[in-house]
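Let's take a friendly walk through this structure, one part at a time. Please have the sequence and the 3D view open as you read.

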Amino acid sequence: MSTLKLDLESYKDLLKQYIETQNEQALYRAEQFSKHSIQQNITPDEIINVHIEALLELYPDIPSNIQSSLNFLLETMISYGLAYQEYQALREKQLELQSEISVAANMQQTLLSTTKPEMSELDVGAISTPAKQMNGDYYHFVKDQEGSLGIAVADVIGKGVPAALCMSMIKYSMDSFPDSRMEPSVILEGMNRVVERNVDPSMFVTMFYGLYDPDTHEFNYSSAGHEPGFYYSAKNDSFHDIEAEGLVLGVDRSVKYEQYTQHLDVGDMVVLLTDGVTECRTGDRFIERDEISDVIHQYKHLSAQEITEQVYRHFERLQDFQLRDDFTMIILRREV
Amino acid sequence: MDFQSCVNIKKEWDIVGARQLGRDISKKIGFGTVDQARIATAISELARNIYLYAGTGKVCFETIENLNEKGLRIIAIDEGPGIRDVTQVMEDGFSTSGGLGAGLPGVKRLMDEFDVISRQGEGTEVNVVKWLR
């Protein structure tokens, strides 16, 4: 209360100074006063009130019709004062929510963390960056007892918190599969049943599962409606789409997934991605898939990890550093 | 002080009557212009809620006094449908009158004490106090 009194005094001085001099300095101090008032959560109607009180103290014989008009002005400002207080309360709430989400995002990162496998046969690179704070993309590496490497990439259609919640469930279901070798089609069929039972029908999940056998150098894979990746043939120095038919997860409980095989020679690459990569936009235009393979080609002398990072940087810049969707890319390259 | 006076709310015009009586009493108690305006705004909200959602009801005023201070108690009573979820109604941004009214959270901000009792199908009683400081 005492600070408000103090402010009335200083407001009165400022007002007096301005009325007498009409100079810019007084107006500048008025601006300072209003900033200070905002910091102290003083509402517009309180300012009007201070003005009226200051005016009456400076000019006690103000005509009564002017006095009435000032009271009328005060009355109209009361609701603005309320709106301002509501705005402040909502702003605080928003900050609270934001910090909650960032805590959740950290938790999610811990949850979804996966270790990139070290294999002499294979150079592996992976990058996954959420468009907002939380990631609706998921990738996971798992080495089975026979030494094969399983790679899962999934994408919840949508982004933000709902997609991230759904993703956590996918992760737990993946963890519940046994360590023995599982065929990609069997894994997708299992995940399909999980998603069908547990996820709202308005939510779609696409998933790709690949299994690399370091002895035969065969890459077996199945796809549940997932964005096709690329196969790079070192011999022909060319890219092909990794096409695979399959319904998105959670639509039909009894769906079967086809399994495909791609043999990898030394220097060949498999590129897996989510639609956050292919649906990058420059201006009004979606990028062409060729542009992605061109960029990969441009950096193919680098390590798999460096390639993913360079591709990400390229498209991040192309989109003015504002990702529209979660961006995930995995590159596997046969070394020996 | 057990003096209490009420204004019946049946039509929109009664909101003005409630404001007028509330302002007169506030003036008598000694509230300044700003507080008078705030009290009047709170009365508007309470009376408009009755008019819009209950149809009829009343707004009553009572001068109150304890050892240290004087104040005004306003009680808005209706026998309307009641509020289903008071917590939701008290949330900022959940305005029942199309975003234009300050709603009950606004009333709470304008006054010093606030209480609401609502039973579905029986009605609502909002009890607020403004102390003279």
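This is a predicted model: local features need pLDDT of at least 70, side-chain atom pairs count only at pLDDT 80 or more; totals for chains, interfaces and linings use all residues.

## The sheet of chain B

Two strands count as paired if DSSP finds at least two bridges between them. Five strands of chain B make up an open sheet in the order β1-β2-β3-β5-β4, with antiparallel pairing. At its edges are β1 (4-9) and β4 (113-119) of chain B, each of which pairs on one side only. On average, neighbouring strands in this sheet are turned by 15 degrees against each other, direction ignored.

Look next at β2 (residues 57-65) and β3 (residues 70-78) of chain B: nine bridges join these antiparallel strands. Opposite Arg73(B) in β3(B) stands Glu62(B). Helix α1 (residues 13-29) of chain B packs on the sheet and touches β1, β2 and β3 of chain B. The direction of this helix makes about 160 degrees with that of β1(B).

How do α4 (residues 64-112) of chain A and α2 (residues 33-54) of chain B cross, and at what angle? Their axes come within 9 Å and cross at roughly 55 degrees, which means that α4(A) is oblique to α2(B). The crossing of α4(A) past α2(B) is right-handed.

Residues of α4(A) in this contact include Leu74(A), Ile78(A) and Leu82(A), while those of α2(B) include Val34(B), Ala37(B) and Arg38(B). By class, the contact has six nonpolar, four polar and two charged residues.

## The domains of chain A

Chain A is divided into domain 1 (2-93) and domain 2 (115-334). The C-alpha centres of these two domains of chain A lie 60 Å apart.

Notes
Residues are numbered from 1 along each chain as its sequence is written. Chains are lettered from A and ligands numbered from 1 in the order in which they are written. Side-chain values use heavy atoms; hydrogens and water are left out. Axes are lines fitted to C-alpha atoms, for helices over the stretch in contact, and angles run from 0 to 180 degrees between N-to-C directions. Helices (H or I, at least four residues) and strands (E, at least two) are DSSP runs, numbered from the N terminus. Angles under 35 degrees count as roughly parallel, over 145 as roughly antiparallel, 65 to 115 as roughly perpendicular and the rest as oblique. A crossing is left-handed if the near helix is turned anticlockwise from the far one by less than a right angle, and right-handed if clockwise. Contact means heavy atoms within 4.5 Å. Ala, Val, Leu, Ile, Met, Phe, Trp, Tyr, Cys and Pro count as nonpolar, Asp, Glu, Lys and Arg as charged, and the others, Gly among them, as polar. Domain bounds come from an automatic or database domain assignment.
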